[in-house]
Amino acid sequence: MKKIYLPISLTVALMSTAVISPVLASDDQGLTIMQERKLRDTGWRSNEATLEMRLTNAQGQTSTRNLRMKSLEVKGDGDKSLSIFDTPHDVKGTAFLSFSHVTGADDQWLYLPALKRVKRIASRNKSGPFMGSEFAYEDLSSFEVEKYNYRYLGEADIGGEKTWKIENIPTDQYSGYSKLITWIDQQHYRVLKTEYYDRKSALLKTLTFSNYQAYEVRQELDGENKRFWRANLLAVENHQTGKSTQLNFSEYRFDTGLSEADFNKSKLKRAR
Amino acid sequence: MKSYFAAALLSAIHLPAIAVEMQGSISLQQRSFIESAQFAHQGDHQTSIAIEPEFYLPWHDGQDAFIFTPFARLDSLDDERSHWDIQEAKWVHLRDDWEFELGVGIVFWGVTESQHLVDVINQTDQVETVNGDRKLGQPMAHLSLIRDWGVLDAFVLPGFRERTFTGEKGRLRTPLVVNTNQARYESSAKAQHIDFALRWSRTLGDWDVGLAGFKGTDREPILQPVGQNELAPYYQQMWQVSTDIQATLGEWLWKIEALHKEGQFEHYQAGVAGFEYTLIGLADSNIDLGLLSEYNWDRRGLNANTPYQNDLFLGTRLVFNDVDGSELLLGVARDLEQMSYSGRIEGSTRFGQHWRLNLEAWLFYSSEANDPLYSWKDDDMLSINLEYFF
């Protein structure tokens with residue numbers, strides 16, 4: 001076994017870092033890739049999408065639900081999103097508003113149409129399942145560089161595409177994961193695959209992104225069109241329960257005129 | 001044929017293209033009362049069906065819409081519970097920073113669970129549910145200003161809705177039957193009195209704050225004896241100011257509702273305050289466990305016509321986070337001054353895409369004849385509700 005002798009001062013420094021915070025700071029290469037990923041996905045302003053969620057249990061029985069999602073890019077913080085449920089029919093009209101934040105808990109409101117009531121809900125539930133699916137709330141919230149510390153793990157091929165493999169360690173103590181491993185394609189900085197590890201460091205689930213499509217959005221700064229990639233199919237498989245969930249996006253539309261006003265909690269009861 | 005008709009209609013009156021969307025539900029309900037009735041003529045079982053379709057007709061890309069939601073229930077036992085209502089029949093006009101609605105609608109104010117103290121716009125449809133969380137449609141002109149400094153809602157409320165009361169054969173009623181045909185009013189305008197309400201609400205970080213004022217006909221009637229063995233509702237004029245505040249701090253929700261109310265005969269304060277704590281992922285499962293506790297207080301003490309004068313509510317909510325959206329709710333409200341309590345167990349789950357089953361049990365106990373709950377003490381109930389959503 002090869003022994004590496006570190007200078008005592010560095011050893012002490014490393015040990016004390018480990019004691020103060022078990023999470024090591026990002027390495028340069030991992031951080032640079034993730035910063036570039038965020039940069040390439042900045043400037044889309046807003047979008048709307050229609051999606052079908054297909055839940056499959058361990059016995060292979062499926063059930064589906066339909067929803068619409070509206071998202072607003074927020075500069076300097078996490079994005080705002082509004083989800084409106086169309087099926088199952090008993091939750092039709094239920095609307096979920098979320099302001100995700102780079103640090104700290106998200107702000108979340110739920111509109112219950114039967115009672116005409118807007119309810120602010122506890123937001124530390126980011127590790128909880130979204131609508132009974134294998135997606136947790138935090139899986140669907142916007143990607144922000146500050147949410148993780150990064151470690152570059154090397155290169156890998158995913159379906160013929162060259163990727164970088166990067167370890168993400170959540171900075172939020174309320175995350176349901178000990179770490180994520182993401183595969184980022186080297187050409188467009190899109191995530192092709194993510195593995196989620198539970199708090200006990202066991203592999204929990206694998207999320208794959210496919211059917212990527214590019215959308216062009218005109219940039220306010222230079223008037224040029226910028227391309228944004230969105231996966232039309234997200235499939236997550238839970239290795240511990242055998243359950244899986246597919247998200248099928250059918251209608252991505254950018255720049256539909258959404259503004260801050262559409263994400264006000266008082267607008268929730270109007271969501272259609 | 002349809003398209004031809006639509007085209008003819010369009011060319012005739014130059015309306016933009018419109019299409020009506022419909023959704024709603026039909027439900028079948030069975031209520032069974034376990035103990036023998038306390039009062040004469042009361043039955044032990046009641047079966048009912050209810051229907052509530054909602055029609056939504058948008059135009060100008062949804063900036064304007066007409067919403068129409070009628071409701072009807074047909075009950076096998078209680079003629080008063082067989083009733084219908086227009087829950088919504090309104091035109092709404094939506095802008096980014098203001099909204100206007102005109103017609104019949106339902107508005108909810110408040111944050112607490114054990115009672116909805118400050119929720120004053122709509123009349124309670126008391127025959128519908130045990131805890132009175134079902135409301136009747138209220139005619140209104142409602143303007144909302146949505147600004148940086150918060151949301152201001154102004155209401156002009158013409159036309160008053162009288163509360164519904166259980167009939168002679170029904171359970172969960174007062175010892176003497178309330179004759180709603182004998183309703184009396186303080187105002188000479190009676191049900192035509194025009195009421196006003198104003199509410200300001202705002203989110204400040206983790207805090208959601210509301211302040212409201214209301215002036216007009218009291219939704220809560222004073223029940224007065226008439227004739228030999230009947231009660232008549234008397235609707236006084238009143239004004240009230242109220243506040244409702246929720247702090248959302250991690251897993252903790254802290255809630256308070258309070259009001260000051262001045263009526264014809266008395267003025268008083270009342271409040272409800274408590275918390276809801278959510279334990280996420282109980283024992284490494286997907287189940288969330290919510291623990292609720294709220295204290296209800298009314299300055300009038302035992303003279304109050306509410307069971308919530310000095311009562312502690314304890315509840316727990318299990319959210320299974322499963323495919324069928326299953327939930328289980330347990331709650332107990334205990335009077336701290338006299339031996340009186342009510343308990344509730346409610347569970348619900350979905351079947352397929354369209355069906356939802358709801359099971360509910362209520363238990364009542366009271367040993368004091370002056371307690372509002374005393375007349376319900378033999379009305380322990382099991383209820384099954386099967387609802388089809390379309």
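**A core residue and its strands**

Buried residues account for 34% of the 272 residues in chain A. This is a predicted model, and the complex carries an ipTM of 0.87 and a pTM of 0.88 from the predictor. Chain A holds 3 helices and 14 strands. Its radius of gyration is 20 Å, which agrees with the value near 19 Å that a compact globule of 272 residues would have. Taken along the principal axes, the box filled by its C-alpha atoms is roughly 65 × 50 × 40 Å. Of the contacts in chain A between residues at least 6 apart in sequence, 45% join residues at least 24 apart.

The part to look at is the largest nonpolar core, which has 34 residues. Within this core, Ala95(A), Leu97(A) and Leu268(A) touch the most other members. Leaving out residues up to four places away in sequence, Leu97(A) touches Leu82(A), Gln108(A), Trp109(A), Phe263(A), Lys265(A) and Leu268(A).

Strand E4 of chain A covers residues 95–99 and pairs with strand E5 of chain A, residues 107–112, in the antiparallel sense over 5 bridges. Across that pairing, Trp109(A) in E5(A) is the bridge partner of Leu97(A).

The hairpin of E5(A) and E6(A) has 4 residues between the strands, and in it Lys116(A) takes a positive phi near 55°.

Chain B has 1 helix and 22 strands. Its radius of gyration is 22 Å against the 21 Å that the globule rule gives for 390 residues, so chain B is as compact as a globular protein of that length. The C-alpha trace of chain B spans about 70 × 60 × 45 Å along its principal axes, and 34% of its 390 residues are buried.

The two chains meet through 34 residues of chain B and 28 residues of chain A. On the chain B side, strand E6 (138–147) and strand E14 (237–249) of chain B are the elements that give two or more residues. By class, that side has 11 nonpolar, 14 polar and 9 charged residues.

As for confidence, chain B averages a pLDDT of 93, with 95% of its residues scoring at least 70. Strand E22 of chain B, residues 381–389, has the highest mean, at 98, and helix H1 of chain B, residues 2–13, has the lowest, at 49. Over residues 7–12 of chain B, pLDDT stays under 50, and the model has 2 contacts for them beyond four places in sequence. Where pLDDT is low, predicted coordinates should not be read in detail.

Methods
Residues numbered from 1 in each chain as written. Chains lettered and ligands numbered in written order. Predicted model: local features only at pLDDT ≥ 70, side-chain atom pairs only at ≥ 80, totals over all residues. pLDDT = per-residue confidence, 0-100. Contact = placed C-beta atoms within 7 Å. Nonpolar A, V, L, I, M, F, W, Y, C, P; charged D, E, K, R; others polar. Core = buried A, V, L, I, M, F, W, Y, C linked by C-beta atoms within 7 Å. Buried ≥ 20, exposed ≤ 12 C-beta atoms within 10 Å, placed from the backbone. Pairing = 2+ DSSP bridges. Rg over C-alpha atoms; globule rule 2.2 N^0.38 Å.
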